[in-house]
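Here are some exercises to work through with the model open beside you. Try each task before you read its solution.

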There are 2 protein chains.
Amino acid sequence: MPEILTQSIQDYLKHIYKLNENGDAASTNDLATRLNIAPASVTGMLQKLANSKPALVLYKKHQGATLTKPGEKAALEVIRHHRLLETFLVTTLGYSWDEVHSEADKLEHVISEDFEARIAKALGNPSRDPHGELIPTADLVMPSDESRPLASLRTDEAATVKRVSDDDPALLRHLREIGVVPEVKLTIKNYSEFDGNLTIKVEGQKSNVVLGKEVTSKVFVDK
Amino acid sequence: MPEILTQSIQDYLKHIYKLNENGDAASTNDLATRLNIAPASVTGMLQKLANSKPALVLYKKHQGATLTKPGEKAALEVIRHHRLLETFLVTTLGYSWDEVHSEADKLEHVISEDFEARIAKALGNPSRDPHGELIPTADLVMPSDESRPLASLRTDEAATVKRVSDDDPALLRHLREIGVVPEVKLTIKNYSEFDGNLTIKVEGQKSNVVLGKEVTSKVFVDK
DNA sequence: ACAATAATTTAGGTTCACCTAAATTATATT
DNA sequence: AATATAATTTAGGTGAACCTAAATTATTGT
Ligand SMILES: [Mn+2]
Ligand SMILES: [Mn+2]
Ligand SMILES: [Mn+2]
Ligand SMILES: [Mn+2]
């Protein structure tokens, strides 16, 4: 049993968790892309994680990987660290929301449970991070998320921004600029059948904006 | 050239720096003890650090290791991180001074220069950490330290506590209890020729305390 | 159904930072 | 000066986490 979860293993579990959120098993290639590791190396690690005691992933060759219960707990632990850290960096150290992701990606593996508890308390046990992403609870349960991609809305529909993808600083700066941040309301003025572009009125903004799929697939809203 | 300084290398450099502070070169065995690594492994690493471009240490077999200028800068970088982090943990997150060392030992390798700059600013560019240890400046210069071991004082001498060794939580809790913390004044009431014990009156404390060498060699004072 | 393409796995490396055991040097004691 | 002791180095490992190139297995389009 990997009594100690290395930083590498923690990263694998975190990314498998995120891929699993989209319904299906995490494929070797998808993991390789996201982790920036050769597919062959990913296969090796998946085999190891599946054969460890306790098994952290469920893996059948050519079928991708799923987390076991212990694997999921470990993943949620890392994700909780990451999101609490991002919140802490913004709230306490004045980072902007596009600067926190990479810092949190390093710190998440290193902080103690004590540190985690202290920042959670200092922040008032927040339920969402600066990008609106849900923070797993202290007992490692992920709150349910009803939001859906902005890209799935059509003309005249209205919704509230809930969360945005956090890994692209340039996207985050753009979103901030056009006012697309959590809890802001917006209305779809037009949907273009041709390219999927959405023309959107954002609450508090003078002019409408047109957003392509690269953006609307990374913003999640509630109706 | 180790363009990237691994966590291991950073630890070696930090400990070589500290051993060098006591005047002479850092011996293989002393490093092995402090790093909890077999002497044979330390030899290997010292050879590697001496042969890297640029060389980080000066090393001649059987003579121990000294830092080169680049090695010293790298060491001071890590030490600055460590001490700023300790200060931050105490000031901002309410850690007590015996809890911060191990947390800082992990974080010191991972924070960005941006993080370093932000906490330094938030803390008002402190010159000492919670244990009174001097913090290297942002341009990596170590301020000079005039303090000497409490153990070197004799009967009737008076002094001010400047810093205490930070790596033993039990010692730190004891020192706090008897009021031996930075900037506190004390007077030597008796020196025992036999075992080196000192009987000490600590400013603000009702009764005298007797301290052995294990303690008095880890407390540093100014006259 | 079958070839072309894509995804995945196997095989055989590498690097890093360790280890133990044995051999070699240095230093200290008589 | 010789010997005992301590410090240091050499030699020959290991395990983790990667890599590339080649081989295998799945999937897709016609
Ligand atoms: Mn993030
Ligand atoms: Mn945790
Ligand atoms: Mn720094
Ligand atoms: Mn300290």
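This is a predicted model: local features need pLDDT of at least 70, side-chain atom pairs count only at pLDDT 80 or more; totals for chains, interfaces and linings use all residues.

**Exercise 1. Describe the contact between chain A and chain B: how many residues take part, and how much area is buried?**

Step 1. Begin with the residue count: 17 residues of chain A are in contact with 17 residues of chain B.

Step 2. Turn to the area. About 1500 Å² is buried between the two chains, and carbon and sulfur atoms give 63% of that. On the side of chain A, the residues that lose the most area to chain B are A:Leu93, A:Val110 and A:Arg118, together 38% of what that side buries.

Step 3. A:Arg118 takes part in a salt bridge with B:Glu99, side chain to side chain, at 3.1 Å from N to O.

Step 4. Place the residues in the fold. Helix H4 (69-93), helix H5 (100-107) and helix H6 (113-122) of chain A each give two or more residues to the side that touches chain B. By type, the residues of that side are nine nonpolar, three polar and five charged.

**Exercise 2. Which protein donors hold the manganese ion (ligand 4), and how are they spaced in sequence?**

Step 1. List the donors: B:Glu86 (OE), B:Asp129 (OD), B:His131 (ND1), B:Glu133 (OE) and B:Asp166 (OD), at 2.1 to 2.8 Å from the ion.

Step 2. Write their spacing as a pattern, which reads E-x42-D-x1-H-x1-E-x32-D.

Step 3. Pick out B:Glu86 and B:Asp129, a pair that links distant parts of the chain, 43 residues apart. B:Glu86 sits in helix H4 (residues 69-93) of chain B, while B:Asp129 sits in the loop between helix H6 (113-122) and strand S3 (148-149). Both B:Glu86 and B:Asp129 are buried.

**Exercise 3. Why does B:Glu108 count as buried, and what does B:Glu108 touch?**

Step 1. Locate B:Glu108 in the loop between helix H5 (100-107) and H6 of chain B.

Step 2. Apply the cut-off. Buried means under 20% relative accessible area; B:Glu108 counts as buried because its relative accessibility is 1%.

Step 3. Check its polar partners. The side chain of B:Glu108 makes a polar contact of 2.8 Å with the side chain of B:His82 and another of 3.1 Å with the side chain of B:His109.

Step 4. Leaving out residues up to four places away in sequence, B:Glu108 touches B:Gln10, B:Asp11, B:Lys14, B:Val78, B:His81, B:His82 and B:Leu85.

Key:
Residues are numbered from 1 along each chain as its sequence is written. Chains are lettered from A and ligands numbered from 1 in the order in which they are written. Side-chain values use heavy atoms; hydrogens and water are left out. Contact means heavy atoms within 4.5 Å. Buried area is the accessible area (1.4 Å probe) that two parts lose on being put together, summed over both. A salt bridge is a side-chain nitrogen of Lys or Arg within 4 Å of a carboxyl oxygen of Asp or Glu. Helices (H or I, at least four residues) and strands (E, at least two) are DSSP runs, numbered from the N terminus. Ala, Val, Leu, Ile, Met, Phe, Trp, Tyr, Cys and Pro count as nonpolar, Asp, Glu, Lys and Arg as charged, and the others, Gly among them, as polar. Donors are N, O and S atoms within 2.8 Å of the metal (3.2 Å for Na, K and Ca); water is not among the atoms, so sites may look incomplete. Buried means under 20% relative accessible area, exposed over 50%, partly exposed in between (1.4 Å probe, protein chains only). A polar contact is a pair of N or O atoms within 3.5 Å; within protein, one must be able to donate a hydrogen and the other to accept it, and residues adjacent in sequence count only if both atoms are side-chain atoms.
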